[in-house]
Amino acid sequence: MPRGIGNPVALGCRISQGAGVNAEESPVEHENRWILNLRGMSVTKISVDFRLVLALDSDWEVALEAPVNLSHGTAHVDPSVILKPESQDVAAALTLFGAKVLSAVAFRSGTLRLVFDTGHHLTCSSDMSFEAWQVTGPAGWRFASLPGGDLAVWSGSGTSES
């Protein structure tokens, strides 16, 4: 959601597994995180405005507004690059085009971590003032990092949980 437009409301409802999508595509809730089940999906499009947007197979999209840490391999071998979507300083993200997701995790702390088959790791932490990132998918799934460090989750049923 663009900065300053609306505030998501966490309703404290439980989201049933598989609400509106089949089991292999449904995100899975754990105690401190959601596994987004994007494994094997490729980055099919990269776009930039005030956000860095990665379009994936199966109608999933990752939109990043806050600075993003992009690393490759271990930090000791190859230090990370900070991508800054707001100023369009995201050229290093082009290496993700065509990459397949190995792991996608949305933590309740508001941090998003993606790991790709190219060895790249993308991490976006929460921001104090705005939604740092959001991931949207089929059947109404939406995950958003809330200002100050929390996670909101919506399913196709319209329920929300943080």
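Two strands pair if DSSP finds at least two bridges between them. Strands are DSSP runs of E with at least two residues, and helices are runs of H or I with at least four, both numbered from the N terminus.

The model is predicted: local features need pLDDT of at least 70 and side-chain atom pairs count only at pLDDT 80 or more, while totals for chains, interfaces and linings use all residues. Residues are numbered from 1 along each chain as its sequence is written, and side-chain values use heavy atoms, with hydrogens and water left out.

**Exercise 1. The central pairings**

Task: Determine which residue of E10 stands opposite asparagine 69, and trace the pairings of E10.

Solution. 
Step 1. Strand E6 covers residues 68–72 and pairs with E10 in the antiparallel sense over four bridges.
Step 2. Within this pairing, asparagine 69 stands opposite threonine 123, and histidine 72 has histidine 120 as its bridge partner.
Step 3. E10 also pairs with E9, again antiparallel, over four bridges. Here arginine 113 stands opposite threonine 123.
Step 4. The hairpin of E9 and E10 has three residues between the strands, and glycine 119 takes a positive phi near 95° there.

**Exercise 2. The whole sheet**

Task: State the order of the strands in the open sheet of seven strands, and identify the edge strands.

Solution. 
Step 1. The order is E1-E2-E8-E9-E10-E6-E7, with antiparallel pairing.
Step 2. The edge strands are E1 (28–29) and E7 (81–83), each of which pairs on one side only.
Step 3. E7 pairs with E6 over three antiparallel bridges; asparagine 69 stands opposite isoleucine 82 in E7.
Step 4. Strand E8 (residues 101–107) is joined to strand E9 (residues 112–116) by five bridges, and the two run antiparallel.
Step 5. Strands of a sheet pair through backbone hydrogen bonds, either parallel or antiparallel.

**Exercise 3. Covered and uncovered positions**

Task: Which residues of strand E10 (residues 120–124) form the covered face, and which the uncovered one?

Solution. 
Step 1. In a regular strand the side chains alternate between the two faces of the sheet.
Step 2. His120, Leu122 and Cys124 form the covered face of E10, whereas His121 and Thr123 form the uncovered one.
Step 3. Contact means heavy atoms within 4.5 Å. Leaving aside neighbours within four places in sequence, the contacts of leucine 122 include Leu54, Leu64, Val68, Asn69 and Leu112.
Step 4. A nonpolar core is a set of buried Ala, Val, Leu, Ile, Met, Phe, Trp, Tyr and Cys residues joined through side-chain atoms within 4.5 Å. The largest has 36 residues, and Leu122 is among the members that touch the most others, as are Leu36 and Trp133.

**Exercise 4. A loop residue**

Task: Is tryptophan 60 buried or exposed?

Solution. 
Step 1. Buried means under 20% relative accessible area, exposed over 50%, and partly exposed in between (1.4 Å probe, protein chains only).
Step 2. Tryptophan 60 lies in the loop between strand E4 (52–56) and strand E5 (61–64).
Step 3. Tryptophan 60 has a relative accessible area of 1%, and therefore it is buried.
Step 4. Tryptophan 60 and tryptophan 141 are 81 residues apart in sequence and 9.0 Å apart in space, C-alpha to C-alpha.
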